[in-house]
Amino acid sequence: MKSKSKLSAFTSFLFVLPYLVMFILFLVAPLIYGIYISFHDWNLISPIRPFVGFENYTQIFTSGTSENKIFLNGLTNTLQFVVYSVPLLVVIGLLLAMLVNSLPSKIRGFFRTAYFLPYAISVSIIAVLWLWILDTNSGLMNNALQALGLNAIPWLTKLPYAWISIVIATVWWTIGFNMIIFINALNEVPEEMYEAADIDGATGFQKFIHITLPSIRPIMIFVIITSTIASFNVYGQPYLMTGGGPGDSTEVLLMGIVQQAFQLRQMGVASAMAMLMSLIMISISVGQFLLSRGKKGRGNEHA
Amino acid sequence: MRKRNKILLIVIASVLAVLFITPLLWMLSTSFKSDFEAIGGASFLPQQFTFDNYKSTLLDQTVPVFRWMFNSLFVGIAGVTIVLIIDSMAAYGLARLDVPFKKVLFPLFVSTLMIPWVITFLPLYQQFSNLGLLNTYAPLILPYSANAFGVFLLYQFFRAFPKELEEAARIDGANKWQIFIKVVLPSAKPILATLAIFTFMGIYNDFLWPLVVTSTPDMRTVTTGIAIMQQGSFVSSYGKLMALTTIATIPILIVFLIGQKSFIKGITQSGIK
């Protein structure tokens, strides 16, 4: 009996084995290897890679070093992008969802598809396309401005326009995904709640504040966290649209890490930067989650 | 009054739809303009309609656009196949079978969904470099299979799968594998389709990873190939760039329009609701 259950456990384990192998090879191993590399003076092409302890990390935190400059500049720019893009991605996503839901059901599908369509296209196509739309001399945007009698704007080579351009392209590209998630969430809100509010004579705005928002709260938090993570990972848009410019003002953290690893060939420092970036991202996600739970807890006490 | 509101909403929605679609039409329109007209003209539609951009892009030996599309399609399909097989097996095992340590394994897998992708980016590159596998299909396909999303998605589905169907098959003398392949998997087709679309789009649209692990034109994917052209010989020719991006966009838009329903349903099924 015992050997039979052991045999059964073994054959069951075979189901998990292939994924487990991939999981170890391509997730656990690189995770450990990455920590290991970050403690070494690891040149991409030189085989001599001495252990240096925390030196790569202290290097990043010592002001005046080039590593410090790349990391801080990249982090500041990435955080700027997060702050500019996430509120728009969340608010416009929700507004689009509400707009689509308020349309007659026959034409709803068409508009949902229209707003969701850009999401299917890959980042390099998005970047090349917007590069051309925002071209200073003959792009569509400046053509339109000039037709209205306005001045042409150097969209990609001056601040704040460079950030505005990257944010516009990003919102256009990814907003459809958030919209779809919000549409699903809105459809889950029980119709009776709105009907009850109608009887009480609530206005549309009151219904939104007191019924819609509380009902879609968990999804809202989910969208905020996933949008923040996605914006933290921004790379293709600034890399292709502004090249990090003007100067290094839109050079995001991932661009700094890639430069450190593949142009300066310093994998050790680059890995340390990647570790720090991950820690910051995890802290922010956890912080957002706890913050939202804390608020909910207080809200429940009042209720 | 209500009717007027409805019409106003439709007008707003239509204006927005035009704004969302215009960039794509601009891409299409530019691809039929000569470089001279693209740079000089202020007109939206081409004044002199030309196929030259498509001709020179498709005939240019340095722009193997069909090879890139093949590569993207190949790594996407290979990646999806691996993910569907190993994720469905693992999820079924963890959800329904007596897998040892499953109480530890499942939370361990799911917890890695929290880990930012960037943490494994450089060490993975180093791993493939150590094995001499850079600029091959291996790094373009294999790393995606470690993602726990599919296991998580399918686990929820298999937990809810009716036990009676398995029981009936077991009484008929079927073993675990036969039950899995003949009874469980066929019923999971919709959720597998959803996972396939998510995974395919993730691989097809990935940018930074394929950019660093490939180095020759014949190994590029569509996404990376276009970026290389934009920074290389096409830098000043928007007509050709737009022809190239149009060629690359059409297949994925077709896939997207067909798979859209499944994709949207998948978002609901993935527990995000």
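This is a predicted model: local features need pLDDT of at least 70, side-chain atom pairs count only at pLDDT 80 or more; totals for chains, interfaces and linings use all residues.
Chain A holds 13 helices and zero strands, while chain B holds 14 helices and zero strands. The two chains touch through 73 residues of chain B and 65 residues of chain A, and the side of chain B that faces chain A is made up of 53 nonpolar, 16 polar and four charged residues.

**Chain A as a whole**

- Read from the N terminus, the elements of chain A follow the order α-α-α-α-α-α-α-α-α-α-α-α-α.
- The radius of gyration of chain A is 25 Å, whereas a compact globule of 303 residues would come out near 19 Å, and the C-alpha trace of this chain spans about 80 × 75 × 40 Å along its principal axes.
- The mean pLDDT of chain A is 92, with 96% of the residues scoring at least 70, but over residues 297-303 of chain A the pLDDT stays under 50 and the model shows zero contacts beyond four places in sequence.

**Chain B as a whole**

- The elements of chain B, again from the N terminus on, run α-α-α-α-α-α-α-α-α-α-α-α-α-α.
- Chain B has a radius of gyration of 24 Å, well over the 19 Å that the globule rule gives for 273 residues, so this chain is more spread out than a compact globule.
- Taken along the principal axes, the C-alpha atoms of chain B fill a box of roughly 75 × 70 × 35 Å.
- Buried residues account for 41% of the 273 residues in chain B, and of the contacts between residues at least 6 apart in sequence, 72% join residues at least 24 apart.

**Where the chains meet**

- With 73 residues of chain B in contact with 65 residues of chain A, the element that gives the most to the chain B side is helix 14 (residues 238-269), which supplies 13 residues.
- Two packed helices are described by the angle between their axes and the distance between the axes.
- Helix 4 (residues 105-116) of chain A and helix 1 (residues 2-31) of chain B have axes that come within 9 Å and cross at roughly 35°, and the crossing of these two helices is left-handed.

**Buried elements and residues**

- Helix 5 (residues 123-133) of chain A is largely enclosed by the rest of the structure, because eleven of its eleven residues are buried; among them are Val123(A), Trp130(A) and Trp132(A).
- Val123(A), which lies in helix 5 of chain A, is buried with 24 other C-beta atoms within 10 Å, where 20 or more is the cut-off for burial.
- Leaving out residues up to four places away in sequence, Val123(A) touches Gly236(A) and Gln237(A) as well as Asn205(B), Phe207(B) and Thr223(B), and the C-alpha atoms of Val123(A) and Thr170(A), 47 residues apart in sequence, are 9.1 Å apart in space.
- Ile141(B), in helix 7 (residues 138-141) of chain B, is buried with 20 other C-beta atoms within 10 Å.
- Apart from neighbours within four places in sequence, Ile141(B) is in contact with Val75(B), Ala78(B) and Gly79(B); Ile141(B) and Gly76(B), 65 residues apart in sequence, have C-alpha atoms 7.4 Å apart.

**Backbone features in loops**

- Most residues other than glycine have a negative phi, and most peptide bonds are trans.
- The peptide bond from Leu159(A) to Pro160(A) is cis, with omega near 0°, and Pro160(A) sits in the loop between helix 6 (140-147) and helix 7 (161-188) of chain A.
- The peptide bond from Gly245(A) to Pro246(A) is also cis, with omega near -5°, and Pro246(A) belongs to the loop between helix 11 (236-241) and helix 12 (253-263) of chain A.
- Arg265(A), in the loop between helix 12 and helix 13 (267-302) of chain A, has a positive phi near 60° and counts as partly exposed, with 13 C-beta neighbours inside 10 Å.
- Phe101(B), in the loop between helix 4 (65-96) and helix 5 (102-111) of chain B, has a positive phi near 60° and counts as exposed, with 12 C-beta neighbours inside 10 Å.

Definitions and conventions: Residues are numbered from 1 along each chain as its sequence is written. Chains are lettered from A and ligands numbered from 1 in the order in which they are written. Two residues are in contact if their C-beta atoms, placed from the backbone, lie within 7 Å. Helices (H or I, at least four residues) and strands (E, at least two) are DSSP runs, numbered from the N terminus. Ala, Val, Leu, Ile, Met, Phe, Trp, Tyr, Cys and Pro count as nonpolar, Asp, Glu, Lys and Arg as charged, and the others, Gly among them, as polar. The radius of gyration is taken over C-alpha atoms; the globule rule is 2.2 Å times the number of residues to the power 0.38. pLDDT is the predictor's confidence in each residue, from 0 to 100. Axes are lines fitted to C-alpha atoms, for helices over the stretch in contact, and angles run from 0 to 180 degrees between N-to-C directions. A crossing is left-handed if the near helix is turned anticlockwise from the far one by less than a right angle, and right-handed if clockwise.
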